[in-house]
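Hi everyone, thanks for making time this morning. I'd like to walk you through one structure, so let me put it up on the screen.

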Amino acid sequence: MVERCRDVGFDLAREAVEVSPTAHYIMGGVKIDTTCRSNLEGLFVAGEDSCGVHGANRLGGNGVACSTVFGGMAGDHMAAYIANCEAPTASMPQARDVITRITAPFGNSGGEDVYELRDELKALMWEQVGLVRHASGLEAAKKALEVLQQRAQQAPVRGGTRLNAEWQEWLNLDSMCTVSQMIVASALAREESRGSHYRSDFSEPGDDAVVHNIYLQWDGERMRQWTEPVVFSRLKPPPLAAKIAEEAYFAQEGE
Ligand SMILES: Cc1cc2nc3c(=O)[nH]c(=O)nc-3n(C[C@H](O)[C@H](O)[C@H](O)COP(=O)(O)OP(=O)(O)OC[C@H]3O[C@@H](n4cnc5c(N)ncnc54)[C@H](O)[C@@H]3O)c2cc1C
């Protein structure tokens, strides 16, 4: 850190350095089995996408652990899976549908700038779905995101299909709008504060007896959402509310 700051002209030892929160991890992931397989045939998951395993917790180093542990497991199981499976046959009508969908922006005339729309998405997520969340802001974000995704789909892309950063951005923006809608849906569904998810309208952790995971499934048009209780197979953590009260007590004693 000292070296990195020095490289950009700041001396951590001698002067104040401005710091700011940033999103650097998603505490959730794709539902997988113990061989890193998802329910989509042939799709294995590793790295940050596999890391619902840490729950609401985000300690430094979890990201690297997820990449190495699940990357190793997924690689081993994938190698065994591929050795025994036939080469897939492509569905041409399905491929044509995908091509039509992803090349659509080349035919768009008018519409808004894709980079400005991305900045608008970032600002919206930061303001309404950032550090402190509230039902009213989340509901506003939900509505705004639906409109933003439609506006993004109307945005034009210039140039051709080779090495086209604007096209890549258009594709990313559509995916980011979808992921953002899923984040908002789960933040609305979790009516408690737990880990890094803080709701000013539900500022305490919920009932530990019914700790649950939230599942979301997007079929391209609609989102399905349900909850399942967390299964503690080896160790059950102490009740969160009791733990917080205990920490507060010892902090007071320390003073
Ligand atoms: C600022 C910051 C600081 C962090 N600090 C730490 C830390 O100190 N310790 C820690 O453990 N973790 C840290 N993390 C988290 C950690 O870096 C990530 O969890 C980890 O890198 C995720 O690895 P991954 O392989 O799952 O995904 P990524 O590293 O995101 O890799 C995904 C790759 O897929 C590529 N890709 C995306 N779309 C496509 C596509 N359509 N086709 C082909 N390729 C594609 C991307 O370009 C990328 O190279 C930090 C994250 C950030 C942002």
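Let's begin with a question: how many Å separate the centres of domain 1 and domain 2, taken over C-alpha atoms? The answer is 19 Å between those two centres. Please keep in mind as we go that this is a predicted model.

For orientation, the domain assignment of the protein chain puts domain 1 at 20-86 and domain 2 at 107-255. Six residues from domain 1 and nine residues from domain 2 take part in the contact.

Now to the area. Between them, domain 1 and domain 2 bury about 500 Å², and 67% of that is on carbon and sulfur atoms. On the domain 1 side, the residues that lose the most area to domain 2 are Pro21, Lys31 and Ala56; together these three make up 67% of what that side buries.

Which polar or charged pairs do we see there? As for the make-up of the domain 1 side that touches domain 2, it divides into four nonpolar residues, one polar and one charged. The rule does find one salt bridge across the interface of domain 1 and domain 2. Lys31 forms a salt bridge with Glu228, and their closest N and O atoms are 3.7 Å apart.

Let's move to the ligand. Which residues are around the ligand? They are His24, Tyr25, Gly47, Glu48, Arg58, Gly61, Asn62, Gly63, Val64 and Ser67. Sorted by class, that shell has two nonpolar, six polar and two charged residues.

Several backbone atoms sit by ligand oxygens. For Val64, a polar backbone atom is 2.8 Å from an oxygen atom of the ligand. For Gly63, a backbone N or O atom lies 3.1 Å from a ligand oxygen. For Gly61, a polar backbone atom is 3.3 Å from an oxygen atom of the ligand. Taken alone, the ligand exposes 1000 Å², and the protein buries 30% of that.

That's my tour, and I'm happy to go back to any part of it.

Key. Residues numbered from 1 in each chain as written. Predicted model: local features only at pLDDT ≥ 70, side-chain atom pairs only at ≥ 80, totals over all residues. Heavy atoms only, no water. Domains from an automatic or database assignment. Contact = heavy atoms within 4.5 Å. Buried area = accessible area lost by both parts, 1.4 Å probe. Salt bridge = Lys/Arg side-chain N within 4 Å of Asp/Glu carboxyl O. Nonpolar A, V, L, I, M, F, W, Y, C, P; charged D, E, K, R; others polar. Near = heavy atom within 4 Å. Polar contact = N/O pair within 3.5 Å; in protein donor to acceptor, adjacent residues only side chain to side chain. Areas by Shrake-Rupley, 256 points an atom, 1.4 Å probe, with all protein chains shown as cover.
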